[in-house]
Amino acid sequence: RRPPRSTRKESSAASDVYKRQVHGWAIDGTVLHLKAGLFFVWSGWEGLRNYRQDLYIAKMSNPWTIVGERVLISRPTRQWERRAHPHVPGGINEGPQAFVSRGGVYIIYSASGSWSDDYCLGWIKCTNPAAVMDPKCWHKHGPVFSKVHEAYGPGHASFTKSPDNKEHWMVYHASLRSGGGWAGRSVRMQRFGVTRDGTPVFGRPAKCHIPLPEPSGS
């Protein structure tokens, strides 16, 4: 079903604004909602060459329009982020998702090649939500979620709450077998914890075929 004409025009205009302000490859965009406003976070190239995927942030004037220049907030500089040969030799940061808590603003992202066993999660953290456009605000930690037997290449996570709002859950994909690549991936979910200071604790990927308790309030 085609959307109403006005919606199609808005989508086209948003696409034009996006293309004018983002160079080259740009994927996995997500909107960060803070008291300071809306911000768009995504994975992209520095230029027009497929050498490395970085994470960028930009301000938004409304839910579909980026304003101002993009700001680099993470680059794959560590070994666990650079296992992406032969396709992306400079390493990969992608799939950013925001987790906001009393501890600050966390951008949890996937690192290394999504086709590899070494795909994993890391995060960058900004303790001052009013300073997310300042690259110096962000500090990196990882990997925080990585492969185990029956869960190879766990990554591209998103987050939700249980029906009663008491538990944190993550949804991600991983492969049952080593070397499974893209074709071997399955979608999984499991509960994760949050410390008193607001730090998310993901633990280890749950093994397949072992029942987990349902989200509370189900």
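**Figure 1. The largest nonpolar core of the predicted model.** This core has 20 residues. Those with the most contacts inside it are Leu32, Ile57, Ile73, Ile124, Val132 and Trp138. At least two core residues come from each of the strands β1 (26-34), β2 (37-44), β3 (54-62), β4 (65-74), β6 (104-111) and β7 (120-126). With four residues, β6 gives the most to this core. In soluble globular proteins, nonpolar side chains tend to be buried together. The structure shown here is a predicted model.

**Figure 2. Val132 and its contacts.** Val132 is one of the residues with the most contacts inside the largest nonpolar core. Neighbours within four places in sequence are left aside in this view. The residues then in contact with Val132 are Leu34, Phe39, Ile57, Ile73, Val105, Cys126 and Trp138. Ile57, Ile73 and Trp138 are also among the residues with the most contacts inside the core.

**Figure 3. Trp45 in the loop between β2 and β3.** Trp45 has its place in the loop that runs between these two strands. Is Trp45 buried or exposed? Trp45 is buried because its relative accessible area is 13%, and buried means under 20%. Leu55 lies 10 residues from Trp45 along the chain. The C-alpha atoms of Trp45 and Leu55 are separated by 8.7 Å.

Figure 4. Rolling a probe the size of a water molecule over the atoms shows where empty space is left. A search of the whole structure finds one cavity of 30 Å³ or more. The largest cavity has a volume of about 50 Å³. Which residues line the largest cavity? The lining consists of Ser114, Trp115, Ser116, Asp117, Tyr152, Gly153, Ser175, Gly180, Gly181 and Arg185. By class, two lining residues are nonpolar, six are polar and two are charged.

**Figure 5. The protein chain as a whole.** The protein chain has one helix and 12 strands. From the N terminus on, the order of elements is α-β-β-β-β-β-β-β-β-β-β-β-β. Of the 218 residues in the protein chain, 44% are buried. Among contacts with a separation of 6 or more, 47% are between residues 24 or more positions apart. The accessible surface of the protein chain comes to about 11800 Å². Carbon and sulfur atoms account for 52% of this surface.

Key: Residues are numbered from 1 along each chain as its sequence is written. This is a predicted model: local features need pLDDT of at least 70, side-chain atom pairs count only at pLDDT 80 or more; totals for chains, interfaces and linings use all residues. Side-chain values use heavy atoms; hydrogens and water are left out. A nonpolar core is a set of buried Ala, Val, Leu, Ile, Met, Phe, Trp, Tyr and Cys residues joined through side-chain atoms within 4.5 Å. Buried means under 20% relative accessible area, exposed over 50%, partly exposed in between (1.4 Å probe, protein chains only). Contact means heavy atoms within 4.5 Å. On a 1 Å grid over the protein atoms alone, a cavity is a set of points where a 1.4 Å probe fits but cannot get out, and a pocket is an open set with protein on both sides within 12 Å along at least five of seven lines; lining residues have an atom within 4 Å of a point. Grid points are joined across faces, edges and corners, and a volume is the space filled by probe spheres set on the points. Ala, Val, Leu, Ile, Met, Phe, Trp, Tyr, Cys and Pro count as nonpolar, Asp, Glu, Lys and Arg as charged, and the others, Gly among them, as polar. Accessible areas come from the Shrake-Rupley method with a 1.4 Å probe; for residues, only the protein chains shown count as cover.
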